[in-house]
Each structure stands twice: as C-alpha cells, then as structure tokens.
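Here is a short briefing on one structure. Please look at the sequence and the model before reading the points.

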Amino acid sequence: MSDRGYRRPRPLSPLREHLRDTFWFAPTMGFVCVFALWLAASTVDEEIVAVLQREEAYDELGSLISFVQDAKTIVTTISSAMMTFIGVVFSISLVAVQMASGQLTPRVVRIFVRSRISKITLTVFLATFLFSLLVLTSYESEADPRLVVSVPLLQSMLTLVLVGLSLLLFVVYVSATLRLMQVGPVVDKIARDSFRVLGRMPRGPGGPEGLGPETGRVVHEGRAGVLRDVHTARLVRAARRQDVVLRLIPRIGDFVVPGTPVLAVHGGAAAVPPRRLLRYTVSVGVERTLHQDLAFGLRQLVDIALRALSTSVNDPTTAVQCLDRIVQFLAAVVRLPLGTVHHRDRSGRVRLVQEGPAWEDLVDLAFEEVRWCVAGSPQVSRRLLAGLDDLLLLAPEERKQPLVRHRALLVQVVERTVPVAADREFALLPDRQGIG
C-alpha cells in the first residue's frame, strides 16, 4: 500500500471539530476574555488616577472626570440597547436560515452553526454588552479629584471601540447570512469543505489481507448515533502497545447502536486492548459531519439537487449547479487511491485499517438518485451526460465501468419516458450548462 499524501492527524483535531459544531464555546471564551480585559483596563485607570494625584495634577484629573461623566451617558445607552439589538439581529438570521433550509436542505443549518463570522459576531455583541455593564460598575459618584479612586477613561474608550467593531461585524454578518440564502454560495461552501476534507484524509489502496486471524472484537458502548470520527492517532498507539492490528468495522457515517462491534482485533497474544486505551477513540453524534466523512459533501449536494427536482420545487437550474460541483469533486478524486486506508505507526507497521468509500460508491452516490429524477427535465439530463462524458475522459480504464453504466441507464430512462424522438434527441445532447 502506498501512503503518499498521508498526514498524521493534528493533536485535539476531533475535539476542535466538535467545538466548531457548537455555538456556546466561542461566546464563553469571549466572556472570559472580556472580563480579563476589563480587569486590566480598570487597573490601568486606577493607576492613571494615582499618578495624577501624586503629581497633584488636579485640573487635568478634573477634566478627565468631566469627560468620563459625559461618556457615561453613551455607555449607559449601549448597555440598555445592545441586548435588544442582539435579539433582533439573530431573530432575523434564524428566519433566513429557516428559509434556506426549506429551499435547499436542512443540513444547510450546519453551515450557519459552523460559520466563524456568525460565532465571532455573536461573541463580540455579547462581549460588548457584558463589558458595558462592567464599566458602569466602575463609575463613581465622587467628583472631587482629590478623593476619586477610579476614573474609567480607558474602559469607556474600549467600550466605544467594541461598539464600532460590533457595527462593522453586523454589516459583514448580514452579508454572510444573505449569501446563505443563495444557491451558488451554499454549494460552493459545501464543495470547498469537501475538498478540505479530501486534502487531510489519508488515502491508499489495500485490503484486509495480511492482517492475520481475527482474535477479538470491541463492541460499542454508550449512546446510539452516527459514527462521526475516530481518533486514529490514539487507536494506532493502542494497537502498537498491544502489538496488534485494529480494523474499524463500520464506516464513517454509519449508524451504530450499543452492543454492535466497532473494532476487530487481528493478531497478538494480548488480543483486545484494555478499555482505558480505547477511551475517546470513537465518537458518535446525532448527525454526520465533514470532519472525516469524505462522502458527506456529495450527500448534501445530492440532497439539494433532489429537492430542486421535486415537483413541489421544480428548479432544475439549482440541480445543474449541484451537478457542476459533483462533477468537480469526482474529477478531483478520479485518479486518487480510495477504499481501504492503512494507518501506520512510527516504525511503518500497519496498526489501523479503516474502510472508506470506493470509487464506485462515490459515483453511485453522486448519480443514482439524481438519475431517477431526470424524467421530464432535459436541462438536467443534458448536464448529467456532459458531466459523465467529462469524467470518462479523465478516468483511468479501471474506473470507467461505473460511469459507463450510469450513462447507459440515463439514456434508457430518457428513451423510456420521452415519447417524441425530437425531444429525446434534444434531452440526450450533452451540454455543460444544461440548456444554455
């Protein structure tokens, strides 16, 4: 097996991906940072007052007190209006996301949840609100420069900076949310995420031969759910310590239930590794993610195309846009090694065998369901034929058979469902734009 293109997983990569699927982590870290910023700013303000009092610069200190009292009105207005502003902005955003999920696919909500600009905007909005409240606690009723302890000058200026940053992020956030309602940016985002997964996925041909006899199995414990990712580095370490080879039985994206086997153990006298070595190596969730799931991007594009081709929507142009990206992705993997992946330890010995989607699996996922829905839509049949022809030009000889099969079946569908010969000829004419 060739391990060309293999990159070892980065530390904490599963944890990082899981945190990206949450909406609470970024605001929580924002609260911690803004509280630390307020403590630092209040310390600086107190030091400024102490220095001016030691130098008996009471006129300058009085001017600062007057300026800060004027700024207090602005800070008070910000603290009272910011939460209302947050509620209105995100209510509108949730309506936009709901519309997008209804028009495209419910899985588009995942793009909103993982969006960095969404999390940064919410974090800065909430941080501005919290910071303004903390600043209000620093204002004193004492106006005598000789007796005042703290003048929140720097704190007030930082509040204004946060407000300006919030307004800037508001414009960027609205623009990003509006793009989420457009088909082109959504399918482009899904395609870019898929290529990002492809770039970090280990690849290599091979099979289970040479692993030795199976000596044990590890069953899944915990809740049922979709296999989202596996901590390959930890599994490789566990297999190396026990001098065995582990084989992942389900594929990424499979639904697993408690009691079903997830790992097979091959070779070694110690058989199954202890549970402590396998802790947190397999993660399940309520839905699939793109972290290690090479086929999930195609699944989303196909879902959008199928909804567009449904009788309730009837939007073949959207289906053509999805086919553009589907063909782009398949063209990128047409010559890459797919299927079984062998993960090796530092000495080069295979320690973990993982089944991935083969070329035929990806082709079937990309075209099978769409082909069933092309009847009555010459725009889609023409684009599908053009895509298959392009892939046939790029594919090596051993990978052409699935493409030839789908092309022949597509021709049969059109010939069976389109009674007029001229219409059949038109529907079977390859066109990369569908119909111009």
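The points below cover annotated segments, helix packing and aromatic pairs. The model is predicted. Four stretches carry the UniProt annotation "transmembrane region", taken from an unreviewed entry.

**Annotated segments**

- The UniProt record places the "transmembrane region" annotation on residues 21-41, 74-97, 117-137 and 157-176.
- Residues 21-41 are 81% helix and 0% strand. The C-alpha atoms at the ends of residues 21-41 are 33 Å apart.
- Residues 74-97 are 100% helix, with 0% strand. Their end C-alpha atoms are 33 Å apart.

**H2 with H3**

- Helix H2 spans residues 25-54, and helix H3 spans residues 58-103.
- H2 and H3 pack at an angle of about 150 degrees, and their axes are 8 Å apart.
- Angles over 145 degrees count as roughly antiparallel, so H2 is roughly antiparallel to H3.
- H2 brings Ile48, Val49, Leu52 and Gln53 to the contact. H3 meets them with Tyr58, Leu61 and Leu64.
- By class, the contact of H2 with H3 has six nonpolar residues, one polar and no charged.

**H9 with H10**

- Helix H9 (residues 296-309) packs on helix H10 (residues 316-333) at about 160 degrees. The axes of H9 and H10 lie 8 Å apart.
- H9 and H10 are therefore roughly antiparallel. Their crossing is left-handed.
- On the H9 side, the contact residues are Leu298, Leu301, Val302, Ile304, Ala305, Ala308 and Leu309.
- On the H10 side, they are Pro316, Thr318, Ala319, Cys322, Arg325, Ile326, Phe329 and Leu330.
- The contact of H9 with H10 divides into 13 nonpolar, one polar and one charged residues.

**H11 with H13**

- Helix H11 covers residues 359-372, and helix H13 covers residues 401-417.
- The axes of H11 and H13 come within 10 Å and cross at roughly 10 degrees.
- Angles under 35 degrees count as roughly parallel, and H11 and H13 are therefore roughly parallel to each other.
- H11 contributes Trp359, Glu360, Val363, Asp364, Phe367, Glu368 and Arg371.
- H13 contributes Pro402, Leu403, Arg405, His406, Leu409, Leu410 and Val413.
- The contact of H11 with H13 has eight nonpolar, one polar and five charged residues.

**Aromatic pairs**

- The structure contains five aromatic pairs.
- One of them joins Phe85 and Phe125, with ring centres 5.3 Å apart and planes at 50 degrees. That pair is tilted.
- Phe85 sits in helix H3, and Phe125 sits in helix H5 (residues 116-136).
- Phe85 and Phe125 are 40 residues apart, and the pair links distant parts of the chain.

Methods: Residues are numbered from 1 along each chain as its sequence is written. This is a predicted model: local features need pLDDT of at least 70, side-chain atom pairs count only at pLDDT 80 or more; totals for chains, interfaces and linings use all residues. Side-chain values use heavy atoms; hydrogens and water are left out. UniProt positions are given in the numbering used here, feature names are shortened, and annotations may be inferred rather than shown by experiment. Helices (H or I, at least four residues) and strands (E, at least two) are DSSP runs, numbered from the N terminus. Axes are lines fitted to C-alpha atoms, for helices over the stretch in contact, and angles run from 0 to 180 degrees between N-to-C directions. Angles under 35 degrees count as roughly parallel, over 145 as roughly antiparallel, 65 to 115 as roughly perpendicular and the rest as oblique. A crossing is left-handed if the near helix is turned anticlockwise from the far one by less than a right angle, and right-handed if clockwise. Contact means heavy atoms within 4.5 Å. Ala, Val, Leu, Ile, Met, Phe, Trp, Tyr, Cys and Pro count as nonpolar, Asp, Glu, Lys and Arg as charged, and the others, Gly among them, as polar. Rings of Phe, Tyr and Trp (its six-membered ring) pair if their centres lie within 6.5 Å; planes under 30 degrees apart count as stacked, over 60 as edge-to-face and the rest as tilted.
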